Amino acid sequence: MKTGLIETWRARLPVTAQTPVITLGEGGTPLLRADRAAKAAGLPPGSVYLKLEGMNPTGSFKDRGMTLAVSKAVEAGATGVLCASTGNTSASAAAYAARAGLRCVVFLPKGKVAAGKLAQAVMHGAEIVEVSGNFDQALALATEAAKAKGFALVNSSNPFRLEGQKTAAFEIVEQLGRAPDNHFIPVGNAGNITAYWKGYRELGQTPRMFGWQAAGAAPLVLGRPVANPRTLATAIRIGNPVSWKGAVAARDESGGAIDKVSDADILAAYRFLAREEGVFCEPASAASVAGLFKLARARRAPEGLSVCVLTGHGLKDPGITARFKPRVRRVSAGGRIRL
């Protein structure tokens, strides 16, 4: 029986005997060897692994931080939680709030949240506020509303979110028996790359951190906020990351890099993972592998052991699959078909 990551990593988390544990059994996600991805990148077998964060309860890595953020909100006496989201945060916040018996309000940029994620928030009972604007504008409104209402804001600006998310680094080291040499990760609001780096440093490990933004939403690459971020990878469609400084620190302190990949590269990696590795992730997740492939094309794929984080499950954003037309053959009932 899975007890959740708070109990698993209690000694490394800011909890006490008085902290109520709100859990859905998150954490403990698979680390999958990906030899076809390694071959495609011109790397030897056994050199590339995929961390499947889509196997968390609500289908994304957000559950790692949410279990701790909501547990601490209950401990502090909060009567509700509130967030802005491109989708995954809202789904996770709504699920953990339901588990805790708390009210949940989510601010979503109108028309820019994938159907699978919106369905989760609705079914978990979240109160939805549509914002005619982008994520960054939604976050500003959510932050103001949280202060006025006295609800716990559970975006990645909440330090307990990053504390929970750092546990994925602990798991990777435990699963591999050592830290990877290179860590590839999608970057949107930049909390996750910040959290992984925090986790590795707490273990005394220093893999090179390679963060990947979508080309149309790459403020960290440009060195300035993007007023109107554009990408089909909705989970990383963010123009002014909350954890900007943390991401830059992770890059610089590890000797890594933060770069961008095109939507075409993301879609190619998304399809490759599904058809060659049997792993269905959401498009934003594929940015990590798209980044590895981009370096490989430039003959700059790093040597050593690499882990690519896949942050969410493919069913989060099912509409994207319409871009890939299946080969369909029809036969009448009782008929024959040659395969």
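Predicted model: local features only at pLDDT ≥ 70, side-chain atom pairs only at ≥ 80, totals over all residues.
The lining of the largest cavity first: eleven nonpolar residues, twelve polar and two charged. Residues are numbered from 1 along each chain as its sequence is written, and side-chain values use heavy atoms, with hydrogens and water left out.

What is a cavity here? On a 1 Å grid over the protein atoms alone, it is a set of points where a 1.4 Å probe fits but cannot get out; lining residues have an atom within 4 Å of a point. Grid points are joined across faces, edges and corners, and a volume is the space filled by probe spheres set on the points.

How many cavities of 30 Å³ or more are there? Two. The largest holds about 290 Å³. Its lining has 25 residues, and the closest to the centre are Phe61, Lys62, Gly188, Asn189 and Ala235. H9 gives the most, with three residues. Helices (H or I, at least four residues) and strands (E, at least two) are DSSP runs, numbered from the N terminus.

The second largest cavity holds about 40 Å³. Thr86, Pro109, Lys112, Asn134, Phe135, Pro229, Thr234 and Arg237 line it. By class, that is three nonpolar, three polar and two charged.

Now the sheets. Two strands pair if DSSP finds at least two bridges between them. Six strands form an open sheet, order S1-S2-S10-S7-S8-S9, with mixed pairing. Strand S1 (31-33) and strand S9 (257-261) are the edges, each pairing on one side only. The twist averages 25° from one strand to the next. Axes are lines fitted to C-alpha atoms, for helices over the stretch in contact, and angles run from 0 to 180 degrees between N-to-C directions.

Inside this sheet, strand S7 (residues 182-186) and strand S8 (residues 208-214) run parallel, joined by five bridges. Which residue in S8 is the bridge partner of phenylalanine 184? Phenylalanine 210.

H12 touches strand S2 (48-52), S8, S9 and strand S10 (306-310), and its direction makes about 90° with that of S9. Contact means heavy atoms within 4.5 Å. H13 lies across S2, S7, S8, S9 and S10, at about 125° to S7.

These helices also pack on each other. H12 (residues 263-276) and H13 (residues 287-297) make an angle of about 105°, with axes 8 Å apart. H12 and H13 are therefore roughly perpendicular, a label for angles of 65 to 115 degrees; under 35 is roughly parallel, over 145 roughly antiparallel, and the rest oblique. Asp265, Ile266, Ala269, Phe272 and Leu273 in H12 meet Ala287, Val289, Ala290, Phe293 and Arg297 in H13. That contact has eight nonpolar residues, no polar ones and two charged.

Last, the four-stranded sheet. It is open, with order S5-S4-S3-S6 and parallel pairing. Strand S5 (127-131) and strand S6 (152-153) are at the edges with a single partner strand each, so one side of each has no neighbour in the sheet. Strand S3 (residues 80-84) pairs with strand S4 (residues 103-109) over five bridges. There, leucine 82 has valine 105 in S4 as its bridge partner. Helix H6 (residues 135-149) lies across S3, S4, S5 and S6, at about 160° to S3.

Terms used:
1 Å grid on protein atoms, 1.4 Å probe; cavity = no way out; pocket = protein on both sides within 12 Å on 5 of 7 lines; lining within 4 Å. Nonpolar A, V, L, I, M, F, W, Y, C, P; charged D, E, K, R; others polar.
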